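Please keep the sequence and the structure in view while reading.

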Amino acid sequence: MKKTIVIAAALVAMTACNKTIIETPMADYGSISLGVAADTEMVVTKSGTLTEDAAKDYIITLSGNQKNWVRKYSEISDDDRKMAAGTYTMTAKNISDDAAVEGNGAMQLVSPETQVTVQAGKTTPVELSCAVANSKVTVNFADGFGDVFTYEAEPVTLDPAGRKIAMTPGAHETAEVAWFNDGTEVNWKLTVTVRSTSASKTYTGKFNATARNWNQLTFAAGADGTITLSITVDDTTVEVPVDEVIDPLGGTQA
C-alpha cells in the first residue's frame, strides 16, 4: 500500500501568499505550492506513514535558468516559491547522500526529477513523490546453526568499498539493518568455528544491492556439516532464494 502525505499545514499557510500574487501579479512572475509524497513500502516490511514533523526535514532542490536553491522543506520561504515564468526541475529526498551511507546507513527516499512549468501570475501545484532508493540487508542464522558451529557476537561482516559493517544475526523482521546504495557490490565474510574439529574458518561471498530490495542472508547448517547460505531477495511479493553450499573443511583458516 502506498504511503502518501501532503503537507497540508504548509499548503494552508501558503494560501494567502498565493492569493496576493494572483490579485496583484508581478510581470512575468508566478509561484509554486509544494506537497511531498513518500512511498516507504518494501513489501515484507512496511514503514509507518510519515509524520509532518519528519517531512519538514526533506531536502528540496530547485534548478532553472532564473532561480536555483536547495532548502529543507520547512525553510522554503515565500521568496523561494516566487519565481520568473519558465521551466524548472525539482527533486526531494528525506536525507542526504552522505547520511544514507554513514555507519549502517539509513533508508533514503528520493523523488525522480520533476519538471515544473511556472506561468506568470499563477500558482503551480507541485507534488514530489519519493520512493526507497537504496537496499536493505539483514543477517540471520537458521535454527540448529549453533549446534554445528560456534561464533562470536558479530560473526558476519559486510564490506562494500571499504565501509566495513559488523552484523549481529537475528530474526530478519527485527534484526540489525544495513543500507547500501543501488548497484553496490557487497562482500560478506563469515567467521565460525566447526564444533566437530575446533577449526576456525572464514568464508566469503558477494551480492549486488538493488534499490527497494531487502536482501535477507540466512546461514543454515546442513545435515552433512555444510553451511547453506540462502539470500532471499524481496522486491515484489515473490521471494527468490539463491542457495550456496559451503564445505566446512574448506574456506580460509582464520
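Asp78 is partly exposed, with a relative accessible area of 42%; in these terms a residue is buried under 20% relative accessible area, exposed over 50%, and partly exposed in between, for a 1.4 Å probe and protein chains only. The model is a predicted one, in which local features need pLDDT of at least 70 and side-chain atom pairs count only at pLDDT 80 or more, while totals for chains, interfaces and linings use all residues. Residues are numbered from 1 along each chain as its sequence is written, and side-chain values use heavy atoms, with hydrogens and water left out.

The side chain of Asp78 meets that of Arg81 in a salt bridge, with N and O 2.1 Å apart. A salt bridge here is a side-chain nitrogen of Lys or Arg within 4 Å of a carboxyl oxygen of Asp or Glu. Both Asp78 and Arg81 belong to helix α3 (residues 78-81), where three residues, about one turn of the helix, separate them. Helices (H or I, at least four residues) and strands (E, at least two) are DSSP runs, numbered from the N terminus. Whereas Asp78 is partly exposed, Arg81 is buried, at 8% relative accessibility.

How many salt bridges does a search of the whole structure find? The search finds six. Another of them links Asp80 to Arg71, with 3.1 Å between the closest N and O atoms. Asp80 is buried, at a relative accessible area of 5%, while Arg71 is partly exposed, at 28%. A further salt bridge joins the side chains of Asp97 and Lys93, at 3.0 Å from N to O; Asp97 is partly exposed, with 46% relative accessibility.

Trp69 lies in strand β3 and is buried, with a relative accessible area of 5%. Not counting residues up to four places away in sequence, Trp69 touches Ile60, Thr61, Leu62, Ile76, Asp80 and Met90, where contact means heavy atoms within 4.5 Å. Met90 is 21 residues from Trp69 in sequence, and their C-alpha atoms are 9.8 Å apart.

Consider next the strands around β2. Thr61 has Val70 as its bridge partner in β3, and a hairpin of five residues connects β2 to β3. Strand β2 also pairs with β5 (residues 86-93), in the antiparallel sense and over five bridges. There, Ile59 has Lys93 as its bridge partner.

A loop residue comes next. Ser111 sits in the loop between β6 (109-110) and β7 (114-118) and is buried, at 6% relative accessibility. Its side chain reaches the backbone nitrogen of Ala92 at 2.8 Å. Apart from neighbours within four places in sequence, Ser111 contacts Thr91, Ala92, Leu128, Ser129 and Cys130.

In soluble globular proteins, nonpolar side chains tend to be buried together. A nonpolar core is a set of buried Ala, Val, Leu, Ile, Met, Phe, Trp, Tyr and Cys residues joined through side-chain atoms within 4.5 Å. The largest such core in this model has 25 residues, and those with the most contacts inside it are Leu158, Trp188, Leu190, Leu217 and Phe219. Among the elements that give two or more residues to this core are β9 (134-141), β14 (185-194) and β16 (214-221). Strand β14 gives the most, with five residues. Apart from this core lies another, of 24 residues, among them Ala38, Trp69, Ile76 and Cys130.

Methods:
A polar contact is a pair of N or O atoms within 3.5 Å; within protein, one must be able to donate a hydrogen and the other to accept it, and residues adjacent in sequence count only if both atoms are side-chain atoms. Two strands pair if DSSP finds at least two bridges between them.
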